[in-house]
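Here are my notes on the model, point by point. Please read them with the coordinates open.

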Amino acid sequence: MANVERRVDVAIVGAGIVGLAHGLAAAKQGKRVVVFERNLQCVGASIRNFGMVWPIGQPGGTLLDRALRSRKIWLELSAAAGFHANPCGSLHLAYRPDELAVLEEFIAERQQYTNTVALLAAAAVNQKSRAVRTEGLLGALWSDTEVIVDPREAIRKLPNYLSRTYGVEFHFGTVVTDIASPYLLADGKRWQAEQIFVCSGADFETLYPELYRDSSITKVKLQMMRTTPQPDGFSIGVPLCGGLTLTHYAAFANCPSLAALKARIEQETPYFPQWGIHVMVSQNALGELVIGDSHEYGDNPDPFNRAHLNQYILDYLKSFFQAPSLDMAATWHGVYAKLPGKTELVLCPETGVTIINALSGAGMTLSFGLAEEVVAAISGEAVVAAA
């Protein structure tokens, strides 16, 4: 390596949400932090998502606590960094008896941890959202912990906030090609750091290929859509989910009625589990609806979107949702890393280097809380619980 360009306390590879969260956690401890991002701006999974901070999807205990700490930080950052965050809550809708049974079981279990959930009768649902189709509605799970941001806005504004508030230094368009702690090589320049956090998604594959190969990580491709702004300021009120979503999130995994629900879906509509489809809709501050999604698993996801999957999603959406317009402004796919059976991958390949990856599609929900835990563990400090 060349002569040392600079010495810092913490160097972070990747300016997506995981990297930004670790930059914030380290900067709060007074560390001198530098962040390297290979792209000129964040273009990966951190902006290709719903923008949902989604504690309701996390099982009670450690992960729920982590999600609630992240929620608190998101709301603090929204006020400080000047991006929109809507602490609106969420609704999971039940139109079939097996869906309602899962909701009732979930609420009984979740109330051991928090009083933020309730079962609403069909008549009360329209007070939360006028976009819900009430024909055949049996009830809904109401949760007040969910927050909606526009990831395109938030991920763009957070680096400026971290720079002016904590002096975090960002180098966009700068590729890290080698790490040999305490040194790293970024665009041919040698840096020295006491701690290096690798939060770079696919860059982990190139920086530590053997670890990547042995980690059992897989990639997940999801397809999503975004409408034009709704006319006349129409608001859906809260993000909405159908019964399929109960089969997706780990929070519902221990509900006794879930097996029967999955069996019924497999029999009636086998293409939903085949393509990992569950259907949610949220609305950002611009009035746009964000709709999705599907899940395809593999080491090399097909780069081409499948039109019939978007149609499956839209057809199911219309079974519980109504809005003035579903005119599409954009469709896209995102790819994130997943470690089957685990919620994140945290590795220390050498002294002073920590790899954080594979938050399994919950980066917006868990990153800030996880970063506090990782940074606190290294420094020997305790993590403060969310109020």
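1. Helix α1 (residues 17-28) packs against helix α5 (residues 151-166) at an angle of about 15°, and their axes are 11 Å apart. That angle makes α1 roughly parallel to α5. Angles under 35 degrees count as roughly parallel, over 145 as roughly antiparallel, 65 to 115 as roughly perpendicular and the rest as oblique. On the α1 side, the contact is made by Ile17, Leu20, Leu24, Ala27 and Lys28. On the α5 side, Ile155, Leu158, Pro159, Leu162 and Tyr166 make the contact. Contact means heavy atoms within 4.5 Å. The α1 and α5 crossing is left-handed.

2. A word on provenance and terms. This is a predicted model, in which local features need pLDDT of at least 70 and side-chain atom pairs count only at pLDDT 80 or more, while totals for chains, interfaces and linings use all residues. Residues are numbered from 1 along each chain as its sequence is written, and side-chain values use heavy atoms, with hydrogens and water left out. Helices (H or I, at least four residues) and strands (E, at least two) are DSSP runs, numbered from the N terminus. Axes are lines fitted to C-alpha atoms, for helices over the stretch in contact, and angles run from 0 to 180 degrees between N-to-C directions. A crossing is left-handed if the near helix is turned anticlockwise from the far one by less than a right angle, and right-handed if clockwise.

3. Helix α3 (residues 97-110) and helix α8 (residues 258-268) have axes that come within 9 Å and cross at roughly 150°. This makes α3 roughly antiparallel to α8. The crossing of α3 and α8 is left-handed. From α3, Asp98, Glu99 and Val102 meet Leu258, Ala260, Leu261 and Arg264 of α8.

4. Which residues of helix α10 (residues 307-317) are buried? They are Leu309, Asn310, Ile313, Leu314, Tyr316 and Leu317. Down the axis of α10, these buried residues fall within an arc of 165°, so they line one face of the helix. The arc is that of the directions from the helix axis to the C-beta atoms. Buried means under 20% relative accessible area, exposed over 50%, partly exposed in between (1.4 Å probe, protein chains only).

5. Isoleucine 73 deserves a look. It is found in helix α2 (residues 62-81). Isoleucine 73 is buried, with a relative accessible area of 5%. Leaving aside neighbours within four places in sequence, isoleucine 73 is in contact with Leu24, Phe368 and Glu372. Tyrosine 95 lies 22 residues from isoleucine 73 in sequence and 35 Å from it in space, C-alpha to C-alpha.

6. Next, the strands. Three strands form an open sheet in the order β3-β8-β4, with antiparallel pairing. Its edge strands, β3 (52-53) and β4 (85-86), each pair on one side only. β4 is joined to β8 (residues 147-149) by two bridges. Asparagine 86 has isoleucine 148 of β8 as its bridge partner. Two strands pair if DSSP finds at least two bridges between them.

7. Last, the hairpins. Strand β10 (residues 176-180) and strand β11 (residues 183-186) pair antiparallel over four bridges, with two residues between them in a hairpin. Isoleucine 179 stands opposite leucine 184. β11 is also joined by four bridges to the antiparallel strand β12 (residues 189-198). Alanine 186 stands opposite lysine 189 there. In the hairpin of β11 and β12, aspartate 187 takes a positive phi near 50°.
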